[in-house]
Every structure is written in C-alpha cells, then in structure tokens.
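User: Hi! I've got a model open and would like to talk through a few parts of it. Shall we start with the strands?
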Amino acid sequence: MEFLQKLSVLILLVFASSCHSSDNRESKIDENEGQVQRPYPFVSSHFNIYYLSMDTANLQAIADTLEFHYPRIITDLDCGVLPTVNVHFYSDHAALASAVASVVPNLPSWASGLAISETQIHMMSPNLQNGANYPWIMSILTHEFAHCASLHVNSSIANRPRWLWESVAIYESRQFVDPSAIAYLVEGDPPSLSELNSFNNTKVYDVGYLIAEYIVTEFGYPTLKMLIQNNGDIGTTLGKNADQFQQDWFQFVKTKYGI
C-alpha cells in the first residue's frame, strides 16, 4: 500500500512541528494550473471546504462523502462532535507546500495531504488529473479526518504511539490490506509493536487495519477509545504486556483469515 506508506512519513513530519492554520491563504492563485482557490468555503454540517474551480462540479459529492463517514467515525471513537473541520484543497504540490511551509518546511514531493490539528486538513484536490486519483484522495481524506477525531479524544495521541495512531485511522478509513498478500505474515513473522513505532518501518500500513480490527472485535470500541486516551498503554488498558498482545493479535489474524 504505497500511498499509505507515504502518508505515514508525512504524518510524522507534521506532528514533529507545531500546528498551523492556513486560513489566510485561500485566495491564492496557482500559476501552474491557473486554478483559483475560492476565498469562501463550501459549508456543510461539519466541514468548511476551501475548494478550487476544478472542484465545483462535484463539490457536493465530496462534502457528502465526508458527512457520510463523519457520524460513523465519531460514534466509533465516542469522541463527541468536533469543532468545524476546515479542509483546504490545492491544485499542485507547490501550492500545498507553500500553505504548510511553517509546519513542514520541506514537504516531500510525493505528499498529497495531511492533518495538522483536529480542525485543519490540507489536501491535493480530488479532481486533479480529471479525477483519476479521486478514490485514492477521498480515502486519504477520510483517513485524515479519523486522525482529527483521535486528536479530539486525546490531543497528545499523534504518533504516541505510532502503531495505534495509524491503526485507528487505517481501520476507520477502511484501508484494508489482505493478510494473505503480506509475505511476512504468511511466513509467520509478524512485526512487533516496537518495530511498528519506528518511523523508518512502513509495515504499520500493511497491518494497521488488522490490529485495530482485533481490538474492536475482541474488546469493543470503548477499549479502542481507552487505548487512545491512554496513549496505547496496553498494560493499563488490557492487562497484558506487548508480547502477549502481539501473540494474541496474530492468532486472531491467522484464525480469521486462514494464513
């Protein structure tokens, strides 16, 4: 899942810095694409979407997708209603990089979106390349909103720990990777939580869905929320150590998916 791997490194970069709002940049004109970012947002029930001219035709559909996932995610995480979330779309990487420069001074060339607080998401437009990347970008947008919801539960949860931070967002955005396609799982060599917490290790994007699925299936969503509140303290929340958690999680995966 290459896009998930790229997303992870970006989240690391974002939360290594202070949060920043780009509310004063909405009227910027992107010289490469000639797309004007509208000065006033499209307003839905829970989102302000600062959009480009290319987004006008399906802007309602974009908002509807966000609103569709909103009640499910806030119910799953029992986080209550968030403050209005501002979503900013950009027409190319240069415009996105400029908007978040004070947070990520050297935005990676592959970066397409990031959440910088519980109320701020910055994304490439879903309609770039005539919408060819639309499903991919919308999946990332849902993932980023799940990060916003986690931050509403616990403002210190970003990458603390990374295995939980990413697992929750991957699960809530339904970014499933079939374990039968993950060679190291098939070979009986699952990663440890400490490995998943390493920012140089991208396996969390393979197995994050499966980890959160195990927690929700075996213990329920209230326990997932408690883990977010406890910054992934497994001993306090589940009464077991990390090694036992890993063994139990992998046994769950083997039994359910027949690997």
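User: In which sense do β4 and β5 pair, and over how many bridges?
Analyst: β4 and β5 pair in the parallel sense, over 4 bridges. Two strands pair if DSSP finds at least two bridges between them, and helices (H or I, at least four residues) and strands (E, at least two) are DSSP runs numbered from the N terminus. Before we go on: this is a predicted model, where local features need pLDDT of at least 70 and side-chain atom pairs count only at pLDDT 80 or more, while totals for chains, interfaces and linings use all residues. Residues are numbered from 1 along each chain as its sequence is written, and side-chain values use heavy atoms, with hydrogens and water left out.

User: Thanks. How does strand β3 join β4?
Analyst: Strand β3 (residues 42-43) runs antiparallel to β4, with 2 bridges. Phe42 has Ile49 as its bridge partner in β4, and a hairpin joins β3 to β4 through 3 residues.

User: And which residues cover the two faces of strand β4?
Analyst: On one side of β4 (residues 47-50) are Phe47 and Ile49, on the other Asn48 and Tyr50, and all are buried. Buried means under 20% relative accessible area, exposed over 50%, and partly exposed in between, with a 1.4 Å probe and protein chains only.

User: What about Ser91, buried or exposed?
Analyst: Ser91 has a relative accessible area of 4%, so it counts as buried. Ser91 lies in the loop between β5 (85-90) and α3 (93-99). Its C-alpha atom is 6.5 Å from that of Gln35, although the two are 56 residues apart along the chain.

User: Next, strand β6. How many of its residues are buried?
Analyst: In β6 (residues 113-117), 5 of 5 residues are buried. β6 runs antiparallel to β7 (residues 120-124), joined by 4 bridges, and the two form a hairpin with 2 residues between them. Ala115 has Ile121 as its bridge partner in β7.

User: Changing topic: what volume does the largest pocket have?
Analyst: About 190 Å³. A pocket here is an open set of points on a 1 Å grid over the protein atoms alone, where a 1.4 Å probe fits, with protein on both sides within 12 Å along at least five of seven lines; lining residues have an atom within 4 Å of a point. Grid points are joined across faces, edges and corners, and the volume is the space filled by probe spheres set on the points.

User: What lines the largest pocket?
Analyst: The lining includes His93, Trp110, Met124, Gln129 and Trp136. The elements giving two or more residues to it are α4 (128-131) and α5 (134-153).

User: How many aromatic pairs are there?
Analyst: The count is 12 aromatic pairs. Rings of Phe, Tyr and Trp (its six-membered ring) pair if their centres lie within 6.5 Å; planes under 30 degrees apart count as stacked, over 60 as edge-to-face and the rest as tilted. Tyr70 and Phe145 are stacked, at 5.2 Å centre to centre and 25° between the planes. This pair links helix α2 (residues 59-76), which holds Tyr70, to helix α5, which holds Phe145, 75 residues apart.

User: Which residues do ring pairs link into a cluster?
Analyst: Trp163, Tyr214, Phe219, Phe245 and Phe252.
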